[in-house]
Amino acid sequence: MSKLTQSVAWTKLQTHATRVRATHMRDLFEADPQRAARYTLTAAGITLDYSKNWLVDETLPLLVSLAEQEQVGASIERMFLGERINNTEDRAAFHVALRANAPMHTAGRDVVPDVVRVRAAMRSFVDSVRDGTAKGHTGKPMRAIVNIGIGGSDLGPLMATEALAPYRHPRLTPYFVSNVDGTHLSEVLKRVDPETTLFIVASKTFTTQETIANALSAREWLVSALGSEQAVGRHFVALSTNLQATAQFGIDARNVFEFWDWVGGRYSVWSAVGLSLALAIGMDEFEQMLAGARAMDEHFKSAPLEANMPVVLALLGIWCTNFFGTRSLAILPYDQYLARFPAYLQQLEMESNGKRVRRDGEPVDYATCPVIWGEPGTNGQHAFYQLLHQGSEIIPADFIAPVRTHNPLGQHHRLLLANFIAQTEALMRGKTSAEVRAELVKQGLTGAALEALVPHKVFLGNRPSNSIVLEQLTPHTLGALIALYEHKVYVQGSIWGINSFDQWGVELGKQLAQRVLDDLAGPDEPSEHDASTQGLIKRMLLADRAAPLAVAKKGPLS
């Protein structure tokens, strides 16, 4: 066993969990009218009610003892000091510097002046596109913004752009292309006019296979439509550090916005990677999002562990995952603008903490990251909530909702919030067999028919959830919400002893895909593959190498 599972704090929690399992949350609420007030935190415009969890008086102090034992406070300090906490890539994970308003040093250098310089360049460019002074090759202002990226260069700006739709410029329509499947780009190109389309190519090295494939096809489409290679410089910008490659592509160096090796992809929406978002909502609102994140950073850095919202959220997740055996977490935003937030958190959490070895390379003997999934309410209620309420597996859930809506349409928002509140109550309380019988008797059911129906209508309850409440979904509160989950992920990684900032797990499939591509380019039969892989290559790709080219000629990229 590892030192973690043999530690004093861990073994105390294991013993304590046995006691808590025998306690129903319904009884805890009945015994303590102040329970919700005692288990509620507010920070950076966000309120977290975590009272509907498996918690008694001793639980949180024991969880905090685990955090103290694993030196979470020191880990927080190391991140803000710019230390090389990403040990396998030997670099800092310093995304907090992207929203700082004071000096932040890593490797002996204050990075904030560079951040401010790039942000000023972003502002100049964003303002010129939004006010129409930046024009395309034929002299028309831009109307479509197409972000070409993948992973963190796509999910972050896509999620935030959708979340902040009420703040978008009326003339500019954002699009996002990530999948190397030609359908993704083709369907976007069908909707845009080459004379009024701006492409943003987001790739730090300008070598990301999927992104560059999409960028080259978009370039070919643009040049073909406008009849000149000179059009590229007017219609393409890059988020990259590879000036040689961007120049070869035809992008003016003044339209290349840099970011740095201490900015991880899934933590990069605060950097130039957020250019598409800034174009959509404007730099003032973009900086409000940074301010919201900064407010959560300050709370995370200064609040004691027991009152620290990201720490408490992280500890609750560890409590469920490691001591109650839950294996997934549902993210349930009751705001349609947050429809892509569960997908964003899938990358943030699972790419960060989906690890089986510790920072020292030793295998873990405990669960790490749960599976993250979810959909907006109330859609999910008519899909998978059956499983949440009566399934054989207990699935913790984070419910997220704004008090005020941007779209006050009749009673819609009141109905939405009623469902948000009721679902958390139902998961906590459940419904006993006695309550079910009483209801059925009132409905006139008796005898064998009543008894046959009772077990189907019983809800065990005692299912944990967190309620995360925003006053309204604004750039400021969205920034704070994203930072809340960023810091939660880091705390959990610190306790599990894993590196939350590398992603070697994405590499093997990419390496093998390149080998398959090489096989396709050669005249010989594929080799060095298992029989299944060789069979798939022959069946799907090698049977007629000319067929994909023939199909492509009929598509919208011609």
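Let's start in a loop: Thr-378 sits in the one between β11 and α17 (385-390). Helices here are DSSP runs of H or I with at least four residues, strands are runs of E with at least two, and both are numbered from the N terminus. A cis peptide bond joins Gly-377 and Thr-378, with omega at about 10 degrees.

Before I go on, this is a predicted model, so to speak of local features we need pLDDT of at least 70, and side-chain atom pairs count only at pLDDT 80 or more, while totals for chains, interfaces and linings use all residues. Numbering runs from 1 along each chain as its sequence is written, and side-chain values use heavy atoms, with hydrogens and water left out.

Asp-90 is not a glycine, yet has a positive phi of about 55 degrees; you'll find Asp-90 in the loop between α6 (72-80) and β3 (105-106). Ala-107 also has a positive phi, about 55 degrees, and lies in the loop between β3 and β4 (109-110). For context, most residues other than glycine have a negative phi, and most peptide bonds are trans.

Overall, the chain has 24 helices and 13 strands. Its radius of gyration, taken over C-alpha atoms, is 26 Å, close to the 24 Å from the globule rule for 558 residues, so the chain is as compact as a globular protein of that length. That rule is 2.2 Å times the number of residues to the power 0.38.

Now the sheet. Six strands make an open sheet in the order β1-β2-β13-β12-β10-β11, with mixed pairing; two strands pair if DSSP finds at least two bridges between them. At the edges are β1 (40-43) and β11 (371-373), each pairing on one side only. On average, neighbouring strands are turned by 20 degrees against each other, direction ignored. Strand β10 (residues 328-333) pairs with β11 in the parallel sense over three bridges, and Leu-329 stands opposite Ile-372 in β11.

What lies across this sheet? Helix α18 (residues 412-429) lies across β12 (397-404) and β13 (465-472), at about 150 degrees to β12. Helix α21 (residues 475-496) lies across β2 (46-49), β10, β12 and β13, at about 155 degrees to β13. Contact means heavy atoms within 4.5 Å; axes are lines fitted to C-alpha atoms, for helices over the stretch in contact, and angles run from 0 to 180 degrees between N-to-C directions.

On a 1 Å grid over the protein atoms alone, a cavity is a set of points where a 1.4 Å probe fits but cannot get out; a pocket is an open set with protein on both sides within 12 Å along at least five of seven lines; lining residues have an atom within 4 Å of a point. Points are joined across faces, edges and corners, and volume is the space filled by probe spheres set on them.

How many cavities of 30 Å³ or more are there? Three, over the whole structure.

Finally, the second largest pocket holds about 860 Å³. Among its 29 lining residues, Thr-208, Gly-265, Gln-503, Glu-507 and Lys-510 lie nearest the centre.
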